[in-house]
Amino acid sequence: MSGVFRRFLTATAVSDTANGVFAVAATITAAAASHSAMAVAAVTVAATLPWLIVAVPAGVLVDRIGAVRAVTLANLGRCVAMFGLAGLIWADVALAVTVPVLVFVVSCLQTVVDTAAEVVTANAVDDARRTRANGLLAVSTRLFYQFLGPALAGVLVDVDHVLPSVLSGAACLAAALVAAQLPRTEAGVRSDSGEGSTGFWDGARIVFSQPILATIVAVGGLTTIANSIFFTLLVVYAISPGPLGLSASQYGFLVGAIGVGAAVGALMTHRVERWLGRSTTLTLTRVGWALVFAGPLFAEGLSLTAVMTVGSALGGMWSVESMSVRQLTVSRADLGRVSGASRMLTYGMTPVGSAIGGTVALAVDAQVLFAVSTALTLLTIIPIRAYLSDRAIEAATRRPEPDAEKVPVSDSEGDNTQ
């Protein structure tokens with residue numbers, strides 16, 4: 001990989017760690033301040049709602065000011081908000097209200113960071129190595145956001161509730177400083193999408209005008225709903241006195257194994273794609289998530305952990321592969337908006353799935369909903385096979401953009417990776 005991408009990957013790892021520490025510590029702080037499930041729910045909603053309402057304008061912003069500038073400014077904004085929360089925690093000022101508000105602000109800025117990351121990668125890495133680069137970004141999210149960050153949060157909260165926000169703010173500042181040193185090449189890109197291409201809903205218009213992009217969004221959105229239903233019910237189903245009879249630590253290990261599997265899958269995506277092709281790889285991801293959702297129906301103990309780990313390894317390839325397809329088929333001038341719209345229509349389905357799971361579970365057994373999630377995921381194989389064949393993806397691949405100034409794939413640091 002290029003030296004530019006390596007520096008950006010470093011900034012992303014630091015930023016993901018900050019996000020993981022901040023998110024978990026904020027939830028703990030809200031619970032400790034109010035001892036109320038509603039306060040915890042408010043933080044959860046504040047953390048996920050931005051994907052539904054801010055993802056599209058985040059993409060517009062990235063396209064207008066450039067990905068490097070956007071990720072730098074967003075990380076600076078997160079730094080200010082995190083330090084602000086540290087001050088409020090230290091002063092013990094209305095934490096039941098201020099914690100959700102600042103979590104919402106940080107999460108809004110995170111949508112900018114994540115959207116800009118896709119564009120920076122598209123500019124810094126050539127088509128042949130892009131799937132591998134996207135896999136490394138996904139691994140960063142799994143390892144630093146989902147593992148290292150939460151682990152640090154627990155340790156820091158035990159020392160002092162102020163420390164997680166201070167450390168997170170410092171990490172975001174460091175990430176912003178690294179990102180600020182990256183070359184800004186987006187200014188050479190011009191959109192050919194016509195009049196109104198900078199409009200608020202332009203990204204969604206582009207998505208639905210192309211069968212490949214629309215299929216990716218539809219499959220991703222349906223799977224997000226199935227995933228949210230499943231994990232909303234799993235915690236009650238798994239932890240004693242639930243049917244699986246797990247302790248809290250055993251449940252944590254189970255969920256952690258899913259994250260490890262997804263990280264391994266993300267890292268291996270470029271190799272699987274090379275062996276089997278994009279379409280087959282995308283199909284395998286559906287089989288993988290179906291295995292995860294069906295696991296509690298036929299397995300328990302270590303066998304359940306093994307099934308879920310293997311399933312998440314296959315399923316974890318989806319985010320990498322779908323991002324690569326977007327980067328191959330969308331003009332760089334429109335990529336931020338398309339990425340924002342896609343994320344809104346997929347990640348934004350998380351609260352929808354959670355609401356469905358929590359409501360329907362009042363009348364339907366959890367095992368029935370696990371089966372529904374499995375069936376819904378397997379059904380998405382049909383549109384994948386119909387619209388996401390290797391030939392269709394190849395035909396939709398955008399032509400080279402001569403006006404775009406591309407960051408060299410190799411620089412003075414070299415790359416000996418085969």
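## Arg286 in helix α12

R286 belongs to helix α12, which covers residues 278-298. In this predicted model, R286 is buried but takes part in no salt bridge. The nearest side chain of opposite charge is that of E321, 11 Å away, whereas a salt bridge would require the charged atoms to lie within 4 Å.

Leaving aside residues up to four places away in sequence, R286 touches V219, T223, W318, T377, L378, T380, I381 and I384.

## Helix α14

Two of the residues named above, W318 and E321, are among the buried residues of α14. This helix comprises residues 317-329. Because 12 of its 13 residues are buried, α14 is largely enclosed by the rest of the structure. Other buried members include M317, V320, R326 and T329.

## Helix α6

Helix α6 runs over residues 95-124 and contains 30 residues. At 1.5 Å a residue, α6 should span 44 Å; its end C-alpha atoms are 41 Å apart, in agreement with that expectation. The helix is mostly covered, with 23 of its 30 residues buried.

## Aromatic pairs

Across the whole structure, six aromatic pairs are found. One of them joins W51 and Y347 in an edge-to-face arrangement, with 5.0 Å from centre to centre and 85° between the planes. W51 lies in helix α3 (residues 50-53) and Y347 in the loop between α15 and α16, so this pair ties together parts that are 296 residues apart in sequence. W51 has a relative accessible area of 13% and is therefore buried, while Y347, at 35%, counts as partly exposed.

The rings of F230 and F293 also form a pair, which is tilted because the planes meet at 45°; the ring centres are 5.2 Å apart. F230 is in helix α10 (residues 211-238) and F293 in helix α12, so the pair ties together parts that are 63 residues apart in sequence. Both F230 and F293 are buried. They also belong to one aromatic cluster, together with F231, Y237, W289 and F370.

## Confidence of the prediction

The protein has a mean pLDDT of 83, and 88% of its residues reach 70 or more. Two stretches call for caution. Over residues 187-200, pLDDT stays under 50, and the model has 26 contacts beyond four places in sequence for this stretch. Over residues 402-418, pLDDT likewise stays under 50, with 37 such contacts. Where pLDDT is low, the predicted coordinates should not be read in detail.

Key
Residues are numbered from 1 along each chain as its sequence is written. This is a predicted model: local features need pLDDT of at least 70, side-chain atom pairs count only at pLDDT 80 or more; totals for chains, interfaces and linings use all residues. Side-chain values use heavy atoms; hydrogens and water are left out. pLDDT is the predictor's confidence in each residue, from 0 to 100. Contact means heavy atoms within 4.5 Å. Helices (H or I, at least four residues) and strands (E, at least two) are DSSP runs, numbered from the N terminus. The expected span of a helix is 1.5 Å times one less than its number of residues. Buried means under 20% relative accessible area, exposed over 50%, partly exposed in between (1.4 Å probe, protein chains only). Lys and Arg count as positive and Asp and Glu as negative; His and the chain ends are not counted. Rings of Phe, Tyr and Trp (its six-membered ring) pair if their centres lie within 6.5 Å; planes under 30 degrees apart count as stacked, over 60 as edge-to-face and the rest as tilted.
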